[in-house]
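Hi,

Here is the structure I promised to pass on. Could you open it alongside this email and follow along?

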Amino acid sequence: MFTILSAGSGSNLPKVIWRVEVLNSKSQSKDGNGEITKVTWRIQNFSSFKKDQMLRSENISVDGNKWRIDVYPKGNNVDHLSIFLTAADSATLPSGWTRFAQYGLAVIDQTDRRNSIARVLTYEFNARDSSWGYPSFLALNELEDPKRGYLINDACLVEAYISTDRTDGLISHELMLETDSDKHETKENQTTMKIESAIEPEEPTDQDIDTFFSGLESKLLNSKIVVSQEEAKEALAKLDEAMNMTPVDFYNSGKFSPLKQAFKILASFKCSSTTLTIEQKNELLAMEESLKEVADRAAKAVEDKKHLSQMESMKLTITHNLDRNLVKYKEVESEVRQVDQKLAAFQQHVEEAQKEKEKMLDERNGIFRSSKRMKVELEALEKKWAEYEAKAEVAEKEEKAVEAEWERMKDFISSLKGKI
């Protein structure tokens, strides 16, 4: 059982800074308004949370729908930080409700934003699944590693990007890790929780941090950096480790951003005894762009196949219910005929038998109405069945194509081992 700690006025939580922005991406949108709501949640004194505590954010309004972020600082029964997006008003929604969202969740590396862990999801929320996310978002030993930038001054920075727009790829790892908020129209709401007997120094803003590291990155890029052979070997080992994952595992790992530096190191590596050809360097730079795209395709193919499985389960449930109702209907119908025979044979019991018959007829009519509704649902499902199967078939082919492309890239990375 988890103790729920809610962020809001009067909360006894450690200091929390809450910021909401609206990013406009209409140029990329094909099926909506292109708006993305970005939430920045800085949680300080992070180590003070206990294993049985769950942190619940303030409600976030996106296109009139209420959402919230649920964070388990010590994990939801796992040794990982757990993060979920939840329909905040699910308890008050009508029966059978659904709500679509594509969203990204991220834990920010506050020393190098490019090394942040970010993951993207699309999901159709409903009464059964009103909360969806990652139980194992980031291992606690990695989160608490002082060499990483996930906890700076015991503060954890969580970001969420939420949209109801159904355009594929509207929210991506690149958007989450590289977006310059000042270039978008924003609306902001900041809240600071009170701490008894505590005086907090002024914290740098997100803009201060982004400006500092953008300038640092520009300075480093303009300087001449010599890549050592050990650095090249380490970069190749990282790429080799990624290639030994399946495309879907790589997508779920959230490790694409750290690999960008490995590609750049290998492409710029020079050695008198070992030098990559121009073709090999160009292939590395091209692979940096295609690696994420291939992993995204693999994840989408798996999601499409999963959708067909869900539809099959729904169809099976409706069919079983219809079978049970048909058997029950026949039983009741047989009982009705028996009652008719009793009425004909025993006139003295007409009144009692008539009441029993009317009761059974009411039950029969109820079964008919429910069966008719289920039959309409089944027919509607069958009309789209070819579409579901076709989508799954395309996903199957896409999955095979991704696997072949993945093997090609894996073989190419392996071929570099003997050269470095």
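This is a predicted model: local features need pLDDT of at least 70, side-chain atom pairs count only at pLDDT 80 or more; totals for chains, interfaces and linings use all residues.

Residues are numbered from 1 along each chain as its sequence is written, and side-chain values use heavy atoms, with hydrogens and water left out.

Let's start with the aromatics. Rings of Phe, Tyr and Trp (its six-membered ring) count as a pair if their centres lie within 6.5 Å; planes under 30 degrees apart are stacked, over 60 edge-to-face, and the rest tilted. That gives 8 aromatic pairs. One of them is Trp 67 with Phe 125, edge-to-face at 4.9 Å centre to centre and 70° between the planes. Trp 67 sits in strand E6 (residues 65-72) and Phe 125 in strand E9 (residues 117-126), so this pair ties together parts 58 residues apart in sequence. (Helices, H or I with at least four residues, and strands, E with at least two, are DSSP runs numbered from the N terminus.)

Ring pairs join Trp 67, Tyr 103, Tyr 123, Phe 125 and Trp 132 into a cluster.

Trp 67 has a charge over its ring as well: the charged end of Arg 99 is 5.2 Å from the ring centre. To count, NZ of Lys or CZ of Arg must be within 6 Å of the ring centre and within 35 degrees of the ring normal. Arg 119 does likewise over Tyr 134, at 4.9 Å from the centre.

Now the cores. A nonpolar core here is a set of buried Ala, Val, Leu, Ile, Met, Phe, Trp, Tyr and Cys residues joined through side-chain atoms within 4.5 Å. The largest has 42 residues, and Phe 250, Leu 266, Leu 291 and Ile 413 have the most contacts inside it. Helix H7 (278-345) is among the elements that give two or more residues to this core, and H7 supplies the largest share, 7 residues. A second, separate core of 36 residues includes Ile 69, Val 107, Ile 117 and Ala 160.

On to the helices, where the expected span is 1.5 Å times one less than the number of residues. The 15 residues of H4 (residues 229-243) should span 21 Å, and the end C-alpha atoms are 21 Å apart, which agrees. The buried residues of H4 include Leu 236 and Leu 239.

Strand E3 (residues 35-43) is mostly covered, with 8 of its 9 residues buried. E3 runs antiparallel to E12, joined by 7 bridges; strands pair if DSSP finds at least two bridges between them.

Last, the loop between E11 (151-152) and E12 holds Asn 153, a non-glycine residue with a positive phi near 55°. Asn 153 is exposed at 69%. Asp 154 lies in that loop too, with a positive phi of about 60°, and is partly exposed at 24%.

Cheers

Note on methods:
Buried means under 20% relative accessible area, exposed over 50%, partly exposed in between (1.4 Å probe, protein chains only).
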